[in-house]
Amino acid sequence: MLKKALIFLSFIILILSIPLTVYLSEIGQVKAENKVVYDLPYPGILPDHPLYFLKAFRDWFHLFFNRDYQKKAEAYLLYSDKKIAASYLLLEKGKEKMALDTLAKGEKYFLKIPFLMAQAKKQGQSFPKPLIDKIKTANEKHGEIIDDFFKKVSQGQNLYLLEIKKINEEIKKKLASF
C-alpha cells in the first residue's frame, strides 16, 4: 500500500512540475529579451591602475594618427565600450566617482561617432550597414548600463548621471538619421 502511495505521489509531483518548469523558463526568457544583446569588450587596465596613463596615451596616439573615418569610428566605438565596461567594474569596486567620470568619458567618445559618420557622408563615403547597426546597438546597451547606474549610485550623483544620460539620448537622435 505504501509503495502505491509513493508511486502516486511521485506521479503527481512530476505532472505538476512540468508546467511549472515551462512557466519559469518562459519568465526567464522574457527577462533576457528585455536586455540589449551586445557584449562589451574586456577593458584591460582600469583607470585606478598606476600605469593607466600609458593605455590612455596609446589610445590617443591611435586616434590621432588614424585618418580613415570608418576606422576611427570603430576605434571610438571600441574605446567607448571599454570605458563603459571599466566604469561598471569600478562601480562594483566601490569607486563611484571614478566610475561616473569614466562613464562620462565613454559617452563623450561615443558622441564623436555620429560626427565622423556625417563627415564621411559629406565626402561620399558610407559606413557598412552592419557597422551602423552595431553602433546603434552599442548606444542602446550604453543607455541600459546608464539606467542600471541609477539603481546603484548614491542619489547625490543623479544629476551627473542625468547629464550622461542626456549625452546618450543626443547620440541616439543623431544616429537615427543613418
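This is a predicted model: local features need pLDDT of at least 70, side-chain atom pairs count only at pLDDT 80 or more; totals for chains, interfaces and linings use all residues.
**Notebook: helix packing and cores**

Residues are numbered from 1 along each chain as its sequence is written, and side-chain values use heavy atoms, without hydrogens and water.

I checked the angle next. The two axes, α5 and α6, come within 10 Å and cross at roughly 165° (lines fitted to C-alpha atoms over the stretch in contact, angles from 0 to 180 degrees between N-to-C directions). α5 and α6 are therefore roughly antiparallel (over 145 degrees).

I listed the contacts (heavy atoms within 4.5 Å). Residues of α5 including Ile135, His142 and Phe149 meet residues of α6, among them Leu161, Ile164 and Leu175.

I then turned to Asp133, which lies in α5. Asp133 counts as partly exposed because its relative accessibility is 32% (buried is under 20%, exposed over 50%, partly exposed in between; 1.4 Å probe, protein chains only). Its C-alpha atom is 9.8 Å from that of Leu175, 42 residues apart along the chain.

Last, the cores (buried Ala, Val, Leu, Ile, Met, Phe, Trp, Tyr and Cys joined through side-chain atoms within 4.5 Å). The largest nonpolar core has 23 residues; Leu77, Phe110, Ile113, Met117, Phe127 and Ile135 touch the most other members. A second, separate core of 15 residues includes Ala86 and Leu103.

How values were computed
Helices (H or I, at least four residues) and strands (E, at least two) are DSSP runs, numbered from the N terminus. Angles under 35 degrees count as roughly parallel, over 145 as roughly antiparallel, 65 to 115 as roughly perpendicular and the rest as oblique.
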